[in-house]
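Reader: I am new to protein models, and I would like to learn how to read one feature at a time. Could you take me through this one slowly?

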Amino acid sequence: MKSEILFPNIIWNQTLSDIDNNLLKEFAYKLKDNQAGKVISNYGGWHSQDLMTGQCDHLDKLAKIIDYNANNCAKEVGIEGIVLHNIWININPPGSYNTLHHHLGAIFSGVYYIDANPLQGNIYFERSDNAEYHLPIDSLNKTSYTTTRVTYPSTTNCLYIFPGWLKHSVEGNRSNKDRISISFNYGEKK
């Protein structure tokens, strides 16, 4: 039989180099000390207000790299002309986590890890088509077709880009230091 893959969810990932994470980390803590955060999906962590270009040269450099990659992802799936909607910093101390959520209105969302390791909380992606009610629970042969949840490690220098509608969460930080990341959303020009 002929098979077609419909409605795929793609998760792109890349390890970036030539990013000064120490300077980004310093910027993140200065921002946290001078700005009230907001609560979106974060429990116990700090989520900055949306950032603007010109606040930090190192952030602007990273944003250009993210923009290049996000636009390449878009072209790969036949979408043209996406733009950055917003970008923010997350600082998640020990015990904090992010609840299951998606990014309303975003075509692509993503995260870049400034300072992270798997003990500080991996990112989980979950399918939202209710397949769990139909697939065998005890299937030993988990594939991208039969799985209902996928984990990606939180690792310094790692960039993930994924569909904004793909539900995801971040497990609790089980280490004794902060997990620091930058998250973002892309969509159509407003």
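**Reading the model step by step**

Author: Tyr29 is in helix H1, where helices (H or I, at least four residues) and strands (E, at least two) are DSSP runs numbered from the N terminus. This is a predicted model, in which local features need pLDDT of at least 70 and side-chain atom pairs count only at pLDDT 80 or more, while totals for chains, interfaces and linings use all residues. Residues are numbered from 1 along each chain as its sequence is written, and side-chain values use heavy atoms, with hydrogens and water left out.

Reader: Is Tyr29 buried, exposed or partly exposed, and which residues does Tyr29 touch?

Author: Buried means under 20% relative accessible area, exposed means over 50%, and partly exposed is in between (1.4 Å probe, protein chains only). With a relative accessible area of 28%, Tyr29 is partly exposed. Contact means heavy atoms within 4.5 Å, and, not counting residues up to four places away in sequence, Tyr29 touches Ile91, Asp178 and Ile180. Tyr29 and Ile91 are 62 residues apart in sequence, and their C-alpha atoms are 8.4 Å apart in space.

Reader: How should I read a nonpolar core, and how many residues does the largest one have?

Author: A nonpolar core is a set of buried Ala, Val, Leu, Ile, Met, Phe, Trp, Tyr and Cys residues joined through side-chain atoms within 4.5 Å. The largest one here has 30 residues, and those with the most contacts inside it are Leu59, Leu62, Ile89, Phe108, Tyr112 and Ile161. Two or more residues come to this core from each of helix H1 (21-34), helix H2 (57-76), strand S4 (83-92), strand S6 (108-115), strand S9 (158-163) and strand S11 (179-187). H2 gives the most to this core, with six residues. Apart from this core lies another, of twelve residues, among them Phe125, Tyr152, Cys158 and Phe162.

Reader: Where is Leu59, and which residues is Leu59 in contact with?

Author: Leu59 is in helix H2 and is buried, with a relative accessible area of 3%. Leaving aside neighbours within four places in sequence, Leu59 is in contact with Leu24, Phe27, Leu51, Ile87 and Ile182. Of these, Ile182 is 123 residues apart from Leu59 along the chain, and the C-alpha atoms of Leu59 and Ile182 are separated by 9.2 Å.

Reader: How do I describe two helices that pass each other, and at what angle do the axes of H1 and H2 cross?

Author: Axes are lines fitted to C-alpha atoms, for helices over the stretch in contact, and angles run from 0 to 180 degrees between N-to-C directions. The axes of H1 and H2 come within 9 Å and cross at roughly 115°. In this contact, Leu23, Leu24 and Phe27 of H1 meet His58, Leu59 and Leu62 of H2. Sorted by class, there are five nonpolar residues, one polar and no charged ones, where Ala, Val, Leu, Ile, Met, Phe, Trp, Tyr, Cys and Pro count as nonpolar, Asp, Glu, Lys and Arg as charged, and the others, Gly among them, as polar.

Reader: What makes an aromatic pair, and how many does a search of the whole structure find?

Author: Rings of Phe, Tyr and Trp (its six-membered ring) pair if their centres lie within 6.5 Å, and planes under 30 degrees apart count as stacked, over 60 as edge-to-face and the rest as tilted. A search of the whole structure finds seven aromatic pairs. The rings of Tyr152 and Tyr160 have centres 5.3 Å apart and planes at 70°, so this pair is edge-to-face. Tyr160 is buried, with a relative accessible area of 2%. Ring pairs link Tyr113, Phe125, Tyr152, Tyr160 and Phe162 into a cluster.
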